[in-house]
Amino acid sequence: MEEVDLLIKHGKILTQNSEDRIINDGIIAINDNTILDLGNFKDMEGLYEGEKRINAQNKLIIPGLVNTHTHLAMNLLRGFGEGVPLQKWLDDYIFPVEEKFVNEEFVYLGSVLAGLESIKYGITSVVDMYYFEDKVAEALKKIGLRGVPSYSILDKSTPDSNNPEEAISNAKNFIKEWKNDELITPGIAPHSIYNTSEDLLLKTKKMSDKFNIPLSIHLAENKREVSEVKDRFGYSPVNYLDKIGILDSNVIAAHCVHVNDEEIKILKNSGTNVAHCPISNLKLSSGISPVGKMSNKGINVSLGTDGSASNNNLNLWEEIKTSILLQNIKCKEHNFNVSDTFFMSTGGGAKSIGLSQELGSLEEGKLADLVVLNSSSLEWFPCYNVKSNLVFSINGCDVEYVIINGKIVYENGEFKTIAKEEIIEKSRRIVEKVESFSGNKKH
Ligand SMILES: [Zn+2]
């Protein structure tokens, strides 16, 4: 009998492997950060002894979810300036507050809180795009969440850099520092075409090539962006990025709401990944992305919550459900089904961050990022189709264990890495300052 670090017995395992195998009474043996073995309980009984054991009877085990577009620290701005139209919200609320309050402490605390909220919903990897990304990386390490903190590059001064040159140099140092970390994949994030000059876009692309890291960008999010970019450059946003040579398989293009058939072809041929953020797109009245069509054409599509300031939570299960409902209207003819939808949150996410060999499915030799759901709750009964229940019925309320890189980070409502009360207490002081600065008192 072989001794392993963690043994999960008797669960139903949704592997999400290429054959879409489901094991009804399964066993998973985890050693260090890796799935050493998995299979039918009756075939493997007696092979392994676990130092830590989980009895997963009446539970479902799934690969961890991947949130491929968010701004974690914006958790501290959740609900701030609610009900104000987009441009006024940005100009009068978000930008001034970010300028005054976003510092290392704000980013660290906000990212810890957002990271914990992510874990609670079974998210095991996040792609962040904000400022002070070294603090985001520290926060993720502290709570044991895998992630791609991506350094924001804009044409103007930002909370972490006095000018774009400084931002580029900070980003380089950040990438070098975190390049070989087992939980962190550093990324680069030119904000958008309208906020990042061509010269800067090319510099970020060079960095992405050199270090082979993800490049995140907001793309074709709303009509205003499309017409602004067309006016300034003579091309649509996707065409423009293609023209200057930015698009490739390292790119995670967030939103892609307003893309036509020709642009879909460009995204496909370049291998660009699309991060679909349906709730943020609805909340900000941006539109409905044609992800059914994009996925049907072979584009890798994943899901993102966007930041808590435009969602207003990090529950990716809401994106899962909303995305399929929207495609029922938008791309009916492409028959976008529950399997395609759930894949976006697992394998699609893993591919977007360049880790499809390591993550996205439960298989021998892959990293042990997985979620154990209690499947005996009312929402689970009956279960004619596991994926139908996952996509439409459960809304993330049944997460019992979250295991990331082989470590249990969440168990029955408790975070194993940090005391959240202390972080909330420290964050409260920041929230009070934001409130008094804006006069945005609670109603
Ligand atoms: Zn965003």
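Is isoleucine 424 buried, partly exposed or exposed? I looked up this residue first in the predicted model, where local features need pLDDT of at least 70, side-chain atom pairs count only at pLDDT 80 or more, and totals for chains, interfaces and linings use all residues. Residues are numbered from 1 along each chain as its sequence is written, and side-chain values use heavy atoms, with hydrogens and water left out.

**Entry: isoleucine 424**

I find isoleucine 424 partly exposed, because its relative accessibility is 31% (buried is under 20% relative accessible area, exposed over 50%, partly exposed in between; 1.4 Å probe, protein chains only). Isoleucine 424 belongs to helix 16, residues 420-438 (helices are DSSP runs of H or I with at least four residues, strands are runs of E with at least two, both numbered from the N terminus). I note that valine 112 is 312 residues away from isoleucine 424 in sequence, yet their C-alpha atoms are 9.5 Å apart.

**Entry: zinc site**

I looked up the protein donors of the zinc ion and found His69 (NE2), His71 (NE2), His218 (NE2) and Asp306 (OD), at 2.1 to 2.4 Å (donors are N, O and S atoms within 2.8 Å of the metal, or 3.2 Å for Na, K and Ca; water is not among the atoms, so sites may look incomplete). Their spacing along the chain reads H-x1-H-x146-H-x87-D. Histidine 71, in the loop between strand 6 (65-70) and helix 2 (86-101), and aspartate 306, in the loop between strand 13 (301-303) and helix 12 (316-330), link distant parts of the chain, 235 residues apart. I record histidine 71 as buried, because its relative accessible area is 8%; aspartate 306 is buried as well, at 4%.

**Entry: domains**

I took domain 1 as 2-63 + 368-415 and domain 2 as 65-352, with bounds from an automatic or database domain assignment. Their centres, over C-alpha atoms, are 29 Å apart.
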